[in-house]
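These are my notebook entries on a set of look-ups, kept in the order in which I made them.

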Amino acid sequence: MDPLLVVENLQKFFPITKGILLKKEVGSVKAVDDVSFTVERGETLGIVGESGCGKSTLARCVMRLLDPTGGSIVFDERDITRLSRSEMRPVRRELMMVFQDPYASLNGRKRVGFIVAEPLDVHGIGTEAERKRRVQELLEVVGLNPEHYNRFPHEFSGGQRQRIGIARALAVNPKMIVCDEPVSALDVSVQAQILNLLKDLQSEFGLTYIFIAHDLNVVRHISDRVMVMYLGKVAEVADGKTLYTEPKHPYTGALLSAVPIPDPTLGRQRKQIVLEGDVPSPINPPAACRFHPRCPRFHAGTCDVDEPQLRPFAPGHEAACHFPLEHWPMTVDEVSRAAERVAS
Amino acid sequence: MLQFLIRRLLWAVFLFLAATLITYVIFYVVPADPAKQMCGRACTQEDVARVAHHLGLDRPVYEQYGRYLWQLVGHQSLGTSYTTRQEVNHIIAQTAPVTASLVFGGAFFWLLLSIPVGILSALRARSIGDRAAMVFVLVGVSAHPVWIGLILSYFLGYRLHVTPIAGYCDFFNPSLGSDCGGPVQWAYHMILPWMTFMLLFAALYVRLIRANVMETMTEDYVRTARAKGASEHRVLSQHVLRNSMLPIVTILGMDIGLALGGAIFTESVFSLPGLGRQVLQSYSNFDLPVILGVVVFSTICIIIFNLVVDVLYAVLDPRIRLE
Amino acid sequence: MTATLEVEDLRTSFRTDDGIVKAVDGVSFSVDKGRTLGIVGESGSGKSVTCLTVMGLNDKRLATSSGSVRFGGEEILGASSDKLRKVRGDRIAMIFQDPMTSLNPVKSIGWQLEEAVLVHQDVTRSLAHARALELLNAVGIPHADTRISDYPHQFSGGMRQRVMIAMALVNNPDILIADEPTTALDVTTQAQILRLMQKLQDEFRMAIVMITHDLGVIAEIADDIVVMYAGKVVEQASAEDLFERPQHPYTWGLLGSLPRLTGQTERLYQIPGQPPSLLRPPSGCAFHPRCEFTFERCRAEVPELVAFGEPGHRHRCFLDNARRQQIWEAKKLEIKGEAA
C-alpha cells in the first residue's frame, strides 16, 4: 500500500448566479460532489463516465487547474489542496497532463523542440544544450524521429502530435501523468499505438497514471483499477477484471451492456439494458441516489430518500448502491424487470 | 429576455453618465477661460469675474457638473452658446437633421451596395467579379474620405457638372441661407456626400459580408438543407443569408457610432451645415457649451442606437432570446 | 431483383492546391431494402466521400466523379441537379455526425422538419406540421407537441440526433445513409440511437448504410460490411464472415487493435505507421507500407478484388489462400483478443 495520490471528499461546485445588478448565487453546478479515491504508486487508475459525470473537472482539480470547493488532495504525502500558485510550482514537476485534442493542445506557432522543452524551461532545468539533448532523447522514446526537432505541429499527424504531447509530459520526469481522453480523437489503429506506448513508458519509467476516458474498452485495457462516475459521484470502483465480470452498480451494468461488442454473434446474444432518457444535468441532480430515475433496480422509499454510500463488496471493490446487481450477466427475469421499469 | 433588457437599460444609463462626466471634466478643466470667452475682449478683470460667478464657474467642479446634469435632465437644456447666445438645443435641432441625412442616407446606400456585392462575391469566390470586388475593397479602405470627396467633387461636380459641388438643401423647405429646398434638391445635393461617406464603409462591409457568407456556406446545417433536397435558392435565402447577416446587425450599431465621427470630414468638404461642421466652428471659437452639447447629444444617440441594435439581435437570434 | 442502391466502380477526385486527391478510387457495393450495410474505415479511407458522392453533395467545382450509382434501377450519378434534388431527402436521406452543427440554430425544429416535407410534397403547412409531429413521436421525443416549436440549442445531443433521424425519415425514404451518427454521443445514448434505428428500419422497411470507424457499432447493426482503405474497398463480406474469417491484413489489424472488454491482451496488435497521404499514395497496394506480410508484388501491382469463401466475401490481397489461412490460424487468438 503505497498511495501516491489520496483524494478525500473532493467537491467542485460552479456557482450559478442570477440577478440584474448584484448577482446572487441561486444554485450551483455540482460537478464533483464528494469524491474519494486513492492511486497507488505505479498503477493506472481508469476513470470512466459519460458527459456531465465530472471526470474532466476531477482531473483539473487534481492538477490544481481548478480550485476545489471542498475536500482534500494529498499528493506524495503533501496536501496540495490549497497551495498558492508559487507553492504549486515545484509540485507541477511531478504531476503532468496529457490532453485530448492533439490539434489544440500544441501551440501551432512553436516548433516541436520548443514545445517539448517548455517544461524544462519553466522549471529551470538544464542548460540549453542539455535541454536539446533531452528533447531529442524524449522524441526517440515516444517513437518520433529526433531530427524532427525543428518541425511545426501541423507537419505531423494526429497520432504523432499526441506523441509530442506525451514527450512534453515526460520531459521533467514526473511521478504521475493525468491522461484526459488521450486517444478519443485518434483513429483506431493509431489509438492502439498510443495505448501500447503509454504502457511501455509506464514500465520503463515507473509512472503512475490516471486515465480518463468514456470508452470502456480502452479504459479496461490500460487500467489496473477502474472508477465509474455518474453525475459528480463515484458509482463503483474495482479492479479492471472484477468491474467487467462482476459489476455491482446498475449504472455500471448499463454502461457495460451499452458498449458495442465487435463480435456479431456475441453481441446479438447478450441481453441489453437500454437506459431511457438523457443523462440528467448536474445543475439539478436527482435527490438521494442520483441514478434512481433511470435505474432498473429502483426501489421507491429507499433509493429516492437515502443517498447510498460507497461500501465494500470485496477487497478493493466498492459500490454506492442499496440494491446492487446480483448476477452478471443479468438473468432474463432481471432484464425484463429492468425493461418494465425503464418503460414506465 | 426581460432581464437582458433591464440590464442593458441600466448599462445605457450608466454609460450616459460616464460619457457626460468625462466630457464635462475634459472641457471644463482645459486651460481656457470660458468666462473670458463669454465676456468678450472688451471685458475687464472684474467683468470676467462677474461673468464667472454668473456662470457658476467659481464653484467646485462636481457642483458645476451636478448643475449641468440637472439642467440637462431636469430642464432638457444643453445650455447657451457663448458666441451666438443661441440655445444649444436650437443649434442642435438645426444641424442634427443634416448629419442624420448624411449618416443614415449613407448607411442605407452602403448597405444597398455592399450586401449584393458581398453575397455575389462569396457565391462566386475567386471569379473575376470577386477579384474586382476585392480591389474595390482595397481602394475604399485605403482612400481617405476627404481625398475621395475632393476628387469626386472635382470631377463629377466641377468638370462634368453632374452634381452640385457643395451646399445643403433642406428636405422640407428652403432654410435660411440657401435658395433651394424640397426632397429632390435635397437628394441631388446629397449624392456626392453620400458617395464619399459610404465608400469606406461599403468596402468594409463587402469584405465582412463576403467572409460571413463564405463561412456560413461551409456550415453543417447548410449541408443538411441540401441533403434534404432543398433548392439552391432556398438554401441561400432560408439558411445562409439569415444566419450570415445576423452579426452585421450588431456591427452596424457600432459603425453608426463611428460614422458620426467620420461625418466631420465629409461635412467639411461639402460644406454641409451638420453637427460635424458645427463642432469645428465652435472649436475655433472655443464655444464650449455647443461643443459639449454636440458631444452629449451624439453620445445619447449612439447609446440609444446600440441599445436598439442589441435588442434587435436578441429578437433575431433565438439562442439569445431563450436563455 | 434490383437492389435498392447499386454503386459500381465509383471514383471521386478532388482538386486541391497541392494536387489531385483520389478520395474514392473504384468502390462498388449494393444494399437491399431492409438490410444494413456498414462501411468501416479510418480517416482518409474515403467512406464519407463515397456517400456524399452518392448523394451528390460534393462541391462541384472541386470534385469530379465517375462510375455508376443506380437507385431503384435508375442512374443518378451525374444526373441533373433537379433530378438529384427530387431524390435527396425523399428517396435517399442522410444524417451526419454532429447533430448540434447539423441543425440550423435560428429555426425551430418544427420548421426544419416541415421544410423537409414541403420541399418534396405539395401539401399545406398544417399537414406538414402533423407529419413532423408524427415523426417526432416515432423517434421518442417526449412532449413532442410542445417541443416541436423549440430550437436546436434547447435539446441535448441525443435528442438532437433523434430530431435529425426524424427529419431524414419524414418522407419515408427507401435508404437512410448515416455518417457516424453516434460518434459524438455518450455510450448509453449511442445504444438508444442504434436501437431506434433498427426499430425504425423494421417499421419503414428501409435500407441503411452506416458509416463508422467503430467496429463494435458495425458488429451490432450491420448485415454486410465493406472495409475501406485509402479510397478502395479492401474487404467486403457479411458481418459474421468478416468477424469470423477476415481475409485482409488491414482487417486483421483493425480487429486486433481494438481493446476488448473480454480480452486479456497485454499489448494491442498495432498497425505500424499512419494512414497514407492521398496526394501521393503508395505504389501498388496502398496498405503495403504498413503490412507485416508484404512482398515484392505488393509494391509493384495494385491487387484486384477477388472472391473467397462465402458468396459475397471479397478481398483485395495478393497473399495466396493457403498462406493466408496459415497466418490467420496463427494470429487468430492475438487478433480476436481471446484468452489463450
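In which helix is Leu333(C) found? I located Leu333(C) in helix H12 of chain C, residues 321–336. Helices here are DSSP runs of H or I with at least four residues, strands are runs of E with at least two, and both are numbered from the N terminus.

I noted the conventions next. The model is predicted, so I kept in mind that local features need pLDDT of at least 70 and side-chain atom pairs count only at pLDDT 80 or more, while totals for chains, interfaces and linings use all residues. Residues are numbered from 1 along each chain as its sequence is written, and chains are lettered from A and ligands numbered from 1 in the order in which they are written.

**Entry: Leu333(C)**

Is Leu333(C) buried or exposed? I recorded Leu333(C) as exposed because 12 other C-beta atoms lie within 10 Å. The cut-offs are 20 or more other C-beta atoms within 10 Å for buried and 12 or fewer for exposed, with partly exposed in between; C-beta atoms are placed from the backbone. I also looked up Gln190(C), which is 143 residues from Leu333(C) along the chain; their C-alpha atoms are 29 Å apart.

**Entry: the sheet of chain C**

I traced an open sheet of 8 strands in chain C, with the order S6-S7-S8-S3-S9-S10-S12-S11 and mixed pairing. Its edge strands are S6 (92–95) and S11 (306–307), each of which pairs on one side only. Two strands pair if DSSP finds at least two bridges between them. In general, strands of a sheet pair through backbone hydrogen bonds, either parallel or antiparallel. I then examined strands S7 (residues 175–179) and S8 (residues 207–212) of chain C, which run parallel and are joined by 5 bridges. Within this pair, Asp179(C) stands opposite Ile211(C) of S8(C).

**Entry: chain B**

I counted 13 helices and 0 strands in chain B. Its C-alpha atoms fill a box of roughly 85 × 55 × 35 Å along the principal axes. Of the 323 residues in chain B, 33% are buried. For contacts (C-beta atoms, placed from the backbone, within 7 Å), I considered pairs at least 6 apart in sequence in chain B and found that 69% join residues at least 24 apart.

**Entry: H8(B) and H10(B)**

I looked up the packing of helix H8 (residues 183–217) against helix H10 (residues 232–269) in chain B: the angle is about 160° and the axes are 9 Å apart. Axes are lines fitted to C-alpha atoms, for helices over the stretch in contact, and angles run from 0 to 180 degrees between N-to-C directions. H8(B) and H10(B) are therefore roughly antiparallel, a label for angles over 145 degrees. Among the residues that meet, I listed Phe197(B) and Phe201(B) in H8(B), and Ile248(B) and Ile251(B) in H10(B). By class, this contact of H8(B) with H10(B) has 13 nonpolar, 6 polar and 1 charged residues. Ala, Val, Leu, Ile, Met, Phe, Trp, Tyr, Cys and Pro count as nonpolar, Asp, Glu, Lys and Arg as charged, and the others, Gly among them, as polar.

**Entry: contacts between chains**

I found 23 residues from chain C and 18 residues from chain B in their contact. On the side of chain C, helices H2 (81–87) and H3 (109–118) each give two or more residues. For chains A and C, the contact takes 36 residues from chain A and 38 residues from chain C. H6(A) supplies the largest share of the chain A side, 8 residues.

Key:
Parallel < 35°, antiparallel > 145°, perpendicular 65-115°, else oblique. Contact = placed C-beta atoms within 7 Å.
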